[in-house]
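Hi,

Here is the structure I said I would pass on.

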Amino acid sequence: MQIVILGATGQVGQALLSQLPSAYRVLTPSHSEVDFLVPGAISAYLDQSAANLVINCVAYNQVDKAESETALAQRINALAVEEIVNTCARLHIPLVHFSTDYVFPGKPALSTEQPYLEAEAPGPVNFYGQSKYLGEQAALSVPANLVLRVSWVFSEFARNMGQQIANQALQGKILQVATDQFGSPTYAGHIAEVVWALVPELLAGAEGGLYHLSGNEAVSRFQLAQAIVDELILQARVGSAYALVATTQAQWIASTTSPIAQRPNFSALGCAHLAERLGRPLKSWRVGLAALVAGI
């Protein structure tokens, strides 16, 4: 069986490759081989790939820049996805595509809120979320396709929010983190585990569908950052005296001169639907902290 992974150099793509089952051969085209900005480039590549399944890890995920770079975000997160979907449908092969918690408008900033379920109505509050919602809708137009909404992804691979927090702490910089924005962190290694667990079903003709995939816990940005710092201290990478500075989203926005996109206050994802399909609960994001820190 041959699988095409688009965006294999990103953190999810690298996690997938690190856990690649021996039963599969993979193609990982470079940007020069498949330029998402060129209409027709994706379909031309997939047509000659002899793929049995496609995993799309490519995304424009610069949330703030997306407010001004709307055409670019739309092209990568929506129009290119439509091209992948149409091509896979024509070739009769399934697609695995990743979406985001930012398709939701957000609930009040309280840790006691119930996580979002798949059936709840989206309502993005920024252009990044809007473009990703269009992409996931395109993918879900074909029953064979699997869409996984992930959130606050971190890993030892590539550049991500977890590494940014860890690097600033390692450099001894003052790190101000919001206490009033809640989500569900997700370790990329756990995403890879789930994908490879479901791929055999998809290849056998099972329907895909929409599922939430996250670390199964709602925490604030501050709590996530504190957990990373605690792991750095545990591994003797940062002194025990290092302390984060608690702030609010409003204070953070007021302290920067760069344009900041609106973000959901609470966008944690409930994963019971996926756990039922897998036949097991999803793993805690905290399991990935040691790998994150060790990889820096």
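Which residue's side chain meets that of E201 in a salt bridge? R277 does, with 2.9 Å from N to O. For the term, I counted a side-chain nitrogen of Lys or Arg within 4 Å of a carboxyl oxygen of Asp or Glu.

Before the rest, two caveats. The model is predicted, so local features need pLDDT of at least 70 and side-chain atom pairs count only at pLDDT 80 or more, while totals for chains, interfaces and linings use all residues. Residues are numbered from 1 along each chain as its sequence is written, and side-chain values use heavy atoms, with hydrogens and water left out.

**Record and overall make-up**

UniProt, in an unreviewed entry, lists residues 1-294 as "domain: RmlD-like substrate binding". Its positions are in the numbering used here, the feature name is shortened, and the annotation may be inferred rather than shown by experiment. Over residues 1-294 the chain is 37% helix and 14% strand, and the end C-alpha atoms sit 33 Å apart. Helices (H or I, at least four residues) and strands (E, at least two) are DSSP runs, numbered from the N terminus.

**The sheet**

There is an open sheet of 6 strands, in the order β2-β1-β3-β4-β5-β10, with parallel pairing. Two strands count as paired if DSSP finds at least two bridges between them. The edges are β2 (25-27) and β10 (209-212); each has a single partner strand, so one side of each has no neighbour in the sheet. From one strand to the next the twist averages 25° (axes are lines fitted to C-alpha atoms, and angles run from 0 to 180 degrees between N-to-C directions).

With β2 it pairs in the parallel sense over 3 bridges, and in β2 the bridge partner of I3 is V26, while that of V4 is L27. With β3 (residues 53-56), β1 pairs in the parallel sense over 4 bridges; there I5 has I55 as its bridge partner.

As for burial (buried is under 20% relative accessible area, exposed over 50%, partly exposed in between, with a 1.4 Å probe and protein chains only), 5 of the 5 residues of β1 are buried, so this strand is largely enclosed by the rest of the structure. Q2, V4 and L6 point one way from β1, and I3 and I5 the other way. The chain goes from β1 through helix α1 (residues 11-18) to β2 in a right-handed β-α-β crossover, which is to say that, with the strands pointing away from the viewer, the path from the first strand over the helix to the second runs clockwise.

**Salt bridges**

Searching the whole structure gives 8 salt bridges. Three of interest:

- D64 and R263 meet at 2.9 Å, N to O. D64 is in the loop between β3 and α3 (70-91) and R263 in the loop between α8 (249-254) and α9 (272-278), so the pair ties together parts 199 residues apart in sequence. D64 is partly exposed at 22% relative accessible area, whereas R263 counts as buried at 15%.
- K283 pairs with E193, the closest N and O atoms being 3.0 Å apart. K283 is in the loop between α9 and α10 (289-294) and E193 in helix α6 (residues 188-203), 90 residues apart. K283 is partly exposed at 38%, and E193 is partly exposed at 27%.
- E201 and R277, from the opening question, form a salt bridge. This pair links helix α6 with helix α9, 76 residues apart, and E201 is partly exposed at 30%.

Cheers
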